[in-house]
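Biologist: I'm new to this one. Can you put it up and walk me through it?

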Amino acid sequence: MNLLEIKLLTKSFPKPDGGCQTVVNVTDFALGEKAQVALSGESGCGKTTFLHLIAGILKADSGRIAIAGKEMTALSEPQRDRLRATTLGYIFQTFNLLQGYTCLENVLLGMSFGPGVDRAFAEALLRRVGLGDRLCHYSNQLSGGQQQRVAIARALAMNPKVMLFDEPTSALDPEMINEVLEVMTDLAKDGMTMVVVTHEMGFARRVAHRVVFMDQGKIVETAEPETFFAAPQSARAQQFLSKILSH
C-alpha cells in the first residue's frame, strides 16, 4: 500500500521581471508503507518546496497529492492543516521549539493539536530520543542536536503515518549531527515511513530504500542506494556526487 501518491504536481513562483519560475514539476512519486526515501540534489533544486507541498504548507498550482488515501490537493486550508496534524510529522532545518517551555512541555503542547495529551507517552518519547534526563530543561539549556531531538519527539507525539525531514542536520555543528542521524536510523529500523531531504550521503546509503535525485524541480533519477552511488545514470547526478563525495 502506498501511503503517499503524487501525480503531475507543479508549483511556480513569480519572478521580478513579471514572469514565473517553475520550482516543482514532479510527474510521478509514490511512497510505500515503512519505506524510507532520501531526497537529494543541489541547493535550490526544489526539494524543500516539494516537501512543503506534500505537507500542505504550500498549495500546489496543479496535480494530485494523496496521503493515506486522502486527497490533500482537494482540501481547504483548514482541512489541510487537520490532515497534516493527524498524518504527518515535519522536521524543519531549524528546531522551532517554543522558548520558555521545557522539553516535556514542548512535546505536550504538540500533543494538544492531535490525539490528546498523554504525559507518560511524552516522557517515553523523550527517552526514546535519548533525552530522558532532560525532561525539565529549557531549550536554551540544550545543544542544537538535543533541540532537534526534542522536535523529533514532538512530531512523533502525533502518531504520524509519514515523517518528513527537511535537512534536519544542516543547522548543527558536526559533532551533533550523528546524534540526530542515530535517532532517525532507529526510526527507520522501527518501520517509520520517511522522506528525508539530506546531503548526508552516508546516512542515505545506509538507511534509505531509495534515493531520489532532483534537478530544476524535476525528479531526474530514482534508484536503490548502492546503484545510485556506484553508477548514477544522469549527468546531473554524476556531477553532484563527484562534488559532494570529494569533500
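Modeller: Let's start with helix 5. Its 13 residues should span 18 Å at 1.5 Å a residue, and its end C-alpha atoms are 19 Å apart, which agrees. The expected span is 1.5 Å times one less than the number of residues.

Biologist: What kind of model is this, and how are residues numbered?

Modeller: It is a predicted model: local features need pLDDT of at least 70, side-chain atom pairs count only at pLDDT 80 or more, and totals for chains, interfaces and linings use all residues. Residues are numbered from 1 along each chain as its sequence is written, and side-chain values use heavy atoms, with hydrogens and water left out.

Biologist: And what counts as a helix or a strand?

Modeller: Both are DSSP runs numbered from the N terminus: helices are H or I with at least four residues, strands are E with at least two.

Biologist: Back to helix 5. How many of its residues are buried?

Modeller: 13 of its 13. Buried means under 20% relative accessible area, exposed over 50%, partly exposed in between (1.4 Å probe, protein chains only).

Biologist: At what angle do helix 4 and helix 5 cross?

Modeller: Roughly 140°, and the axes come within 9 Å. Axes are lines fitted to C-alpha atoms, for helices over the stretch in contact, and angles run from 0 to 180 degrees between N-to-C directions.

Biologist: Which residues make that contact?

Modeller: Helix 4 gives Phe121, Leu125, Leu126 and Arg128; helix 5 gives Val150, Ala153 and Leu156. Contact means heavy atoms within 4.5 Å.

Biologist: What about helix 3 and helix 4?

Modeller: Helix 3, residues 103-111, packs on helix 4 at about 125°, with the axes 9 Å apart. The two are therefore oblique to each other. Angles under 35 degrees count as roughly parallel, over 145 as roughly antiparallel, 65 to 115 as roughly perpendicular and the rest as oblique.

Biologist: Which residues touch there?

Modeller: From helix 3, Cys103, Leu104, Val107, Leu108 and Met111. From helix 4, Arg119, Phe121, Ala122, Glu123 and Leu126.

Biologist: Where is Asn96?

Modeller: In the loop between strand 6 (88-91) and helix 3. Asn96 has a positive phi of about 55°. At 41% relative accessibility, Asn96 counts as partly exposed.
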